[in-house]
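Subject: Model for your files

Dear colleague,

Please find the model below, followed by my notes on it.

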Amino acid sequence: MKCTEFLKELTDYLDGAISPSVKSELEEHLHWCHDCEVVLNTTQKTIEIYRDNKLYELPETLRVRLHEIIITKCKGSHSKKTSK
Amino acid sequence: MEAIQQKAEDIVDELTLVQAAKKGDLEAFSQLVKRYDRNIFRIAQHITHNEEDAQDVVQEAFLKAYRNLQQFQGNSKFYTWLVRIAVNEALMKLRRRRADKTVSIDEDVETEDGSMPREVADWSPNPEQLYGQSELGDILKKTIQGLPPGFRTVFVLRDVEGLSTEETAEMLGLSVPAVKSRLLRARLQLRERLAKYFKVKRGGDSQP
């Protein structure tokens with residue numbers, strides 16, 4: 001297996017969506033290819049960092065305000081619908 | 001087993017709430033808003049990079065969903081349907097702000113070279129600890145903002161929000177292979193850009 005072939009399968013490998021035979025080929029490649037091993041580990045870490053450090057949390061005060069606006073507008077649209 | 005049961009309850013619950021909301025039960029709809037508003041805000045911010053736009057997207061997506069509830073057939077999950085509405089709203093906002101009016105989720109930039117790993121130095125064992133929380137947040141934001149909108153949207157839905165490839169494809173109106181291809185390139189490009197901050201420096205100094 002070449003490095004480019006390894007890269008093609010990287011996403012499925014990380015997601016565990018891969019057949020046992022392809023998986024063992026990839027692992028065989030990893031055994032001797034240090035560069036691909038680094039790419040695999042650091043890609044895994046990239047995913048974890050973004051998953052664990054959720055950016056853009058909605059502040060609670062803003063959340064309450066948005067909720068009020070949404071429900072008020074829904075009420076308005078509901079009365080328009082029923083008055084048809 | 002417990003997790004599976006919990007998930008089944010959530011789905012039933014969501015359907016019950018949607019059915020009630022369809023009959024005009026605003027309290028039921030309010031529960032749906034509370035359940036998903038944080039996710040919609042996060043997705044919208046990732047696409048638009050603008051807090052004001054993201055707030056608008058949250059409002060408009062829920063309002064649109066409410067007004068079109070009768071058209072929601074229940075073939076997919078309500079959340080899948082809602083995210084699809086929100087992504088479209090967010091892309092519209094982005095188009096309005098950018099001189100480039102062609103922003104689209106279908107945008108499949110040919111970046112074979114950009115996705116080929118060039119940086120193969122190992123990362124520091126705990127890269128997150130190299131930076132303070134707010135500095136790390138800035139690095140992560142800056143890095144993901146550099147991706148084309150189609151790539152970062154797929155990455156956010158799959159890897160940040162934890163949705164399946166199939167759900168992501170349905171939300172974005174893309175094929176499963178198209179989602180996989182974008183996800184691979186998004187992951188590799190983010191990795192390449194983060195390496196600059198997280199790699200082990202030669203000489204044993206891991207500080208950037």
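Predicted model: local features only at pLDDT ≥ 70, side-chain atom pairs only at ≥ 80, totals over all residues.

Residues are numbered from 1 along each chain as its sequence is written, chains are lettered from A and ligands numbered from 1 in the order in which they are written, and side-chain values use heavy atoms, with hydrogens and water left out.

Confidence

The model scores ipTM 0.88 and pTM 0.86. The mean pLDDT of chain B is 86, and 83% of its residues score at least 70; pLDDT is the predictor's confidence in each residue, from 0 to 100.

Chain B overall

Chain B has 9 helices and 0 strands. Helices (H or I, at least four residues) and strands (E, at least two) are DSSP runs, numbered from the N terminus. Of the 208 residues in chain B, 50% are buried, where buried means under 20% relative accessible area with a 1.4 Å probe, protein chains only. The accessible surface of chain B is about 10000 Å², 47% of it from carbon and sulfur atoms; areas come from the Shrake-Rupley method with a 1.4 Å probe, and for residues only the protein chains shown count as cover. Counting contacts (heavy atoms within 4.5 Å) in chain B between residues at least 6 apart in sequence, 70% join residues at least 24 apart.

Core and aromatic residues

The largest nonpolar core has 88 residues, and Phe29(B) and Phe78(B) touch the most other members. Such a core is a set of buried Ala, Val, Leu, Ile, Met, Phe, Trp, Tyr and Cys residues joined through side-chain atoms within 4.5 Å.

Over all chains, the search finds 11 aromatic pairs. Rings of Phe, Tyr and Trp (its six-membered ring) pair if their centres lie within 6.5 Å; planes under 30 degrees apart count as stacked, over 60 as edge-to-face and the rest as tilted. Phe29(B) and Phe62(B) have ring centres 6.4 Å apart and planes at 80°, so this pair is edge-to-face. Phe29(B) is in helix H2 (residues 26–48) of chain B and Phe62(B) in helix H3 of chain B, 33 residues apart. Phe29(B) is buried at 0% relative accessible area, and Phe62(B) is buried at 0% as well.

The pair of Tyr36(B) and Phe78(B) is tilted, with 6.4 Å between centres and 35° between planes. Tyr36(B) lies in helix H2 of chain B and Phe78(B) in helix H4 (residues 78–97) of chain B, so the pair ties together parts 42 residues apart in sequence. Both Tyr36(B) and Phe78(B) are buried.

Contacts with chain A

Helix H3 (residues 34–52) of chain A has buried residues including Val39(A), Thr42(A), Thr43(A) and Thr46(A). The buried residues of H3(A) pack against helices H1 and H2 of chain A and helices H6, H7 and H9 of chain B. Arg191(B) is in helix H9 of chain B and is buried, with a relative accessible area of 0%. Leaving out residues up to four places away in sequence, Arg191(B) touches Val39(A), Thr42(A), Thr43(A) and Thr46(A), along with Pro117(B), Arg118(B), Glu119(B) and Trp123(B).

Regards
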